[in-house]
Amino acid sequence: MKDKYIITKQRSKTHRKTTVGWKLLVQWKDNSTDWIPLKIMKESYPVQVAEFAVANNLVQDPAFYWWVPYTLQKRDVILASVKAQVRNTTIKN
């Protein structure tokens with residue numbers, strides 16, 4: 001929490017946009033587990049990770065604070081674009 005802000009040249013505070021040091025424990029279907037960096041999880045499963053952060057009260061942490069609200073606000077748009085992309089790759093032209 002002490003590294004939550006960056007002081008800019010104009011002496012104003014901005015949020016630090018980083019996910020360094022965060023890993024999530026993922027349990028696979030075969031019950032094996034792996035620690036996956038947050039950066040990879042955020043890019044692969046943005047909505048699921050954002051919902052996980054809200055459910056576990058992680059939104060105030062610096063690694064989640066700057067992207068979770070935006071992702072949840074744009075959830076429907078993100079899911080629609082993913083569905084459209086999957087649909088386009090499965091249709092034979």
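Guide: A nonpolar core is a set of buried Ala, Val, Leu, Ile, Met, Phe, Trp, Tyr and Cys residues joined through side-chain atoms within 4.5 Å. Buried means under 20% relative accessible area, exposed over 50%, partly exposed in between (1.4 Å probe, protein chains only). This is a predicted model: local features need pLDDT of at least 70, side-chain atom pairs count only at pLDDT 80 or more, and totals for chains, interfaces and linings use all residues. Residues are numbered from 1 along each chain as its sequence is written, and side-chain values use heavy atoms, leaving out hydrogens and water.

Visitor: Which residues have the most contacts inside the largest nonpolar core?

Guide: They are Leu 38, Met 41, Val 49, Phe 64, Trp 67 and Val 68, in a core of 14 residues. Strand S3 (23–27) and helices H1 (38–44), H2 (46–55) and H3 (62–65) each supply at least two of its residues. H2 gives the most, with 3. Helices (H or I, at least four residues) and strands (E, at least two) are DSSP runs, numbered from the N terminus.

Visitor: What does Met 41 touch, not counting residues up to four places away in sequence?

Guide: Leu 24, Val 26, Ile 36, Pro 46 and Val 49. Contact here means heavy atoms within 4.5 Å.

Visitor: Why is Asn 31 called exposed?

Guide: Its relative accessible area is 58%, and the cut-off is over 50%, so Asn 31 is exposed. Asn 31 is in the loop between S3 and strand S4 (33–37). Its phi is near 70 degrees, a positive value in a residue other than glycine.

Visitor: What makes Asn 57 exposed?

Guide: A relative accessible area of 68% makes Asn 57 exposed. Asn 57 lies in the loop between H2 and H3, with a positive phi of about 55 degrees although it is not a glycine.
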